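I wanted to look up which side chains meet in this model and where they sit. These are my notebook entries, in the order I made them.

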Amino acid sequence: MAAPSGVPRPAAIARLPSETIILGFTGPLGSGCTYVSEEVARQQGYLHYSLSKPISEKVGQNEGFDKRQTVGNNMRRESGNAGILALKAIEYADDEWQRTPEKYKGLVLDGIRNVGEVELLSQFPNFFLFAVHAEFKRREQRLRRGGRLGPEQDFGHIDERDSEEGGHYGQQVKKCTYLADVIFNNEDDIPAQAKEQKAEYVRTGFINKYVLLIHKVLSGEPTYEHLPSPEEALMTMAYCMSKRSSCLKRKVGAVVATAQHDVVSAGYNEVPRGNEPCVFDAELGQCARDRLQEEFARNLKFCPSCGSPIATDLKCSQCGRTLDRYHKSCPHCKGDAGIVFKCKCGTSVYDLFLPGSHPKLGKLLDVCRALHAEENAIINLAKNGTCVPGDCVLYTTTFPCNLCANKIVAANIGKVVYAEAYTMPDAWEILAKNEVQIVKFHGVKSSAYFRLFR
């Protein structure tokens, strides 16, 4: 992974040995990411460090989520380095290594929330990123029960900001999860006082499956007893298919397999055959939805919600240049401009002017020119004349939208396994109402599949 401008190369980072095993942890609020990472470090003799430590030193550990998120964003922005918190973690670990070089077997870093942090840490050859997950209601319940979330606080707002805030220096847990090597579903709700039970849960479900495998691979030991699960193999196939997509926003792949794990169809998101993809289209040269959004923005002078005049500094969040008008992609640095304007009434104005997007702003699927991965996989079934039994499974890198959910039901597919979440509650309801089993993927992702399974 190439390092963006502003991110130091390993030689400039610290004296920490380049072969050091670094286990990074990301995950949404309330997923149990911190507990799992601390337990892994304790049982394995690793040094543990949270990337939020510099934030706590500024505002205190008990400060609200919004304040802590803002402080973290400002630290990245003021330094001009989206990976600054990871850099501070490496510097801290380096100091510990110099004092006690034989004490620690590796490094565990918790609280990774920005892609810049992943990119910086990926410069170390033995860095692995884990994403710890749990469903929304489970996470909210944990935070309220633990007193970290007051009864008056809107967890949906806090979680949405944490997941995908927009901007180069903001919270990007969803993007970090996409880059993860392993997804660990932490749905078990073990009481906090049951320490031995929780320790055993992490040991058997996490350390024995993934950490020991990493140790064996890096030391050259045989790993014949560690075979990929059928789900890991089929999801890797889905990710391989996703790389065929020319989409500038999200590359998605899908595979349909029988209950015996035989692949019968596959697809990825792409414009229909005979049409130029958006990026190669002479008139477009960019995402069709972005072009439409930019055109509407030119004429937007007032907040669509409250009517207040729009007055915002149109600066690219990556290169800092002032733009002549609203752009999705900066014409200077070619990166995501990340222009976010929230009106005094609370409306995210630059997400509102994409027509037909209410109540899920900026998600108008009809504007997209491409067929979705799930659609193409189902269409390929029809092309091949394949009749799908009800026990067939669709493996998709991203949770289906409601349009694809309807087609999954119509195609008689009985189960959906997904890796990345997608915020469309209607799709979940369509699948659940029609008794389609929904399973969150758990295990080694394609990014580490060939590193760990040899």
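**Entry 1: rings.** I count rings of Phe, Tyr and Trp (its six-membered ring) as a pair if their centres lie within 6.5 Å; planes under 30 degrees apart are stacked, over 60 edge-to-face, and the rest tilted. Before going on, I note that this is a predicted model, where local features need pLDDT of at least 70 and side-chain atom pairs count only at pLDDT 80 or more, while totals for chains, interfaces and linings use all residues. Residues are numbered from 1 along each chain as its sequence is written, and side-chain values use heavy atoms, with hydrogens and water left out.

How many aromatic pairs does a search of the whole structure find? I get 15. The rings of phenylalanine 136 and phenylalanine 155 have centres 4.9 Å apart and planes at 40°, so I log the pair as tilted. Phenylalanine 136 belongs to helix α7 (residues 136-145) and phenylalanine 155 to helix α8, so parts 19 residues apart in sequence are tied together. My helices (H or I, at least four residues) and strands (E, at least two) are DSSP runs, numbered from the N terminus.

Buried or exposed? I use relative accessible area: under 20% is buried, over 50% exposed, and in between partly exposed (1.4 Å probe, protein chains only). Phenylalanine 136 is partly exposed at 33%, and phenylalanine 155 is buried at 1%.

Next I looked at phenylalanine 184 and phenylalanine 206, whose ring centres are 5.1 Å apart with planes at 90°, so this pair is edge-to-face. Phenylalanine 184 is in strand β5 (residues 182-185) and phenylalanine 206 in helix α10 (residues 195-219), so the pair ties together parts 22 residues apart in sequence. Both phenylalanine 184 and phenylalanine 206 are buried. Ring pairs also join them with Phe25, Phe130, Tyr201 and Tyr210 in a cluster.

**Entry 2: salt bridges.** My rule asks for a side-chain nitrogen of Lys or Arg within 4 Å of a carboxyl oxygen of Asp or Glu. That gives 14 salt bridges.

Which residue does glutamate 96 bridge to? I found arginine 99, with the closest N and O atoms 2.2 Å apart. Both lie in helix α5 (residues 84-99), three residues apart, about one turn of the helix. Glutamate 96 is buried at 12%, whereas arginine 99 is exposed at 57%.

Lysine 174 and glutamate 164 form a salt bridge at 3.4 Å, N to O. This pair links distant parts of the chain: lysine 174 is in helix α9 (residues 173-179) and glutamate 164 in the loop between α8 (155-163) and α9, ten residues apart. Lysine 174 is buried at 19%, while glutamate 164 is partly exposed at 38%.

Aspartate 290 bridges to lysine 249, with 2.8 Å between the closest N and O atoms. Aspartate 290 is in helix α12 (residues 288-298) and lysine 249 in the loop between α11 (230-242) and β6 (253-257), so parts 41 residues apart in sequence are tied together. Aspartate 290 is buried at 8%.

**Entry 3: charges over rings.** Here I need NZ of Lys or CZ of Arg within 6 Å of the ring centre and within 35 degrees of the ring normal. The charged end of lysine 198 sits over the ring of tyrosine 35, 4.1 Å from its centre. Lysine 445 lies over the face of tyrosine 178, at 5.5 Å from the ring centre.
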